[in-house]
Amino acid sequence: MKALDAAKRIIKIKPIVISICIIGALIVGYFGYQYVSSHQKEGMVSAISESSLEKVIEISELPTIEYTYNSVAKKEDSNGNVLYYVAYKGFVTAGIEFSKIDPEVVNDEENPQVIIHLPEATIQDWRVDMGSMEYIFQNERAKTETVSQEAYKLCKADLKNRINSENELFVMAKENAQAAVKGLYEPWIHQLYPEYTIVMD
């Protein structure tokens, strides 16, 4: 237990949010504005089509949050005795698939709306930094030539388990996606179609 306490003092297990990637969406929003502007003919009725909205989002993925996990995994023998602890740093990126965004246009004269239906956030990338791994051995016989590869697999399994139990990660990724996608559509919709209200779903 003393070894485990020492490991926890070195490595904090609580995940930390380190970045929100929205710039890409804003760039796409600019080009979307250019696209709609170039296709709006003089005298055309001011009504948005869903096909024009879908044209704006022709990119595959939008990463909206990256987590850093500082954690500790352990290796046990068949009797449950700890052979060693390994501290590591892991990175997880979550976001949404743009191809699954479903824009719905409500051309109501009294309350015209653009309803943006977003998909649920998913994991887009995850990895363990092998160079960050530090060991605390409880059994000297565990110091073998293959211990680094064994420990790397152990850390990957530990990180995967943490991702699957981390609901906050997906909630924050979805919230950031809503802000990013709204920032994508809002400037040119309000410029060209000010009568429409944007609703995020």
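## Strands and bridges

Two strands count as paired here if DSSP finds at least two bridges between them. With that in hand, look at strand 7 of this predicted model: Ile198 is the bridge partner there of Val114. That pair belongs to a set of four bridges joining strand 5 to strand 7, and the two strands run parallel.

## The chain as a whole

The protein chain has five helices and seven strands, and going along the sequence they come in the pattern α-β-α-α-β-β-β-β-β-α-α-β.

The chain has 201 residues, and 38% of them count as buried. Its accessible surface comes to about 11700 Å², with 49% of that belonging to carbon and sulfur atoms. If you take the contacts between residues at least 6 apart in sequence, 77% of them join residues at least 24 apart.

Strand 5 (residues 113-117) runs antiparallel to strand 4, and five bridges join the two, while strand 5 and strand 7 run parallel. Strands 4 and 5 make a hairpin, with six residues between them. If you want to follow the pairing by eye, Val106 has Gln113 as its bridge partner in strand 5, Val105 has Val114, and Pro103 stands opposite Ile116.

## Covered and uncovered

How much of strand 5 is covered? Mostly covered is the answer, as four of its five residues are buried. Strand 4 is split by face: Pro103 and Val105 are on the covered one, whereas Asp102, Glu104 and Val106 make up the uncovered one.

## Helix 5

Helix 5 covers residues 167-192, so to speak the stretch of 26 residues, and spans 38 Å from first C-alpha to last, close to the 38 Å expected at 1.5 Å a residue. There is a bend of about 30° at Glu186, and a proline, Pro187, follows within four residues.

Which residues of helix 5 are buried? They are Leu169, Ala173, Lys174, Asn176, Ala177, Ala180, Val181, Leu184, Tyr185, Trp188, Ile189 and Leu192. As you look at that list, keep in mind that an α-helix has 3.6 residues a turn, so residues three or four places apart point the same way.

Now for two residues elsewhere in the chain. Tyr84 lies in strand 3 (residues 82-97). Is Tyr84 buried or exposed? Its relative accessible area is 0%, and buried means under 20%, so Tyr84 counts as buried. Leaving aside neighbours within four places in sequence, Tyr84 is in contact with Ala73, Lys74, Lys75, Tyr135, Ile136, Phe137, Gln138, Ala142, Val147, Glu150, Ala151 and Leu154. One of these, Tyr135, is 51 residues away in sequence, yet the two C-alpha atoms are 6.8 Å apart.

Lys75, one of those contacts of Tyr84, has its place in strand 2 (residues 61-76). Lys75 is partly exposed, with a relative accessible area of 26%. Not counting residues up to four places away in sequence, Lys75 touches Asn81, Val82, Leu83, Tyr84, Glu150 and Leu154. Glu150 and Leu154 are also among the contacts of Tyr84. The C-alpha atoms of Lys75 and Phe137 are separated by 9.6 Å, and the two residues are 62 apart along the chain.

Definitions and conventions. Residues are numbered from 1 along each chain as its sequence is written. This is a predicted model: local features need pLDDT of at least 70, side-chain atom pairs count only at pLDDT 80 or more; totals for chains, interfaces and linings use all residues. Side-chain values use heavy atoms; hydrogens and water are left out. Buried means under 20% relative accessible area, exposed over 50%, partly exposed in between (1.4 Å probe, protein chains only). Contact means heavy atoms within 4.5 Å. Accessible areas come from the Shrake-Rupley method with a 1.4 Å probe; for residues, only the protein chains shown count as cover. The expected span of a helix is 1.5 Å times one less than its number of residues. The bend at a residue is the angle between axes fitted to the seven residues ending there and the seven starting there.
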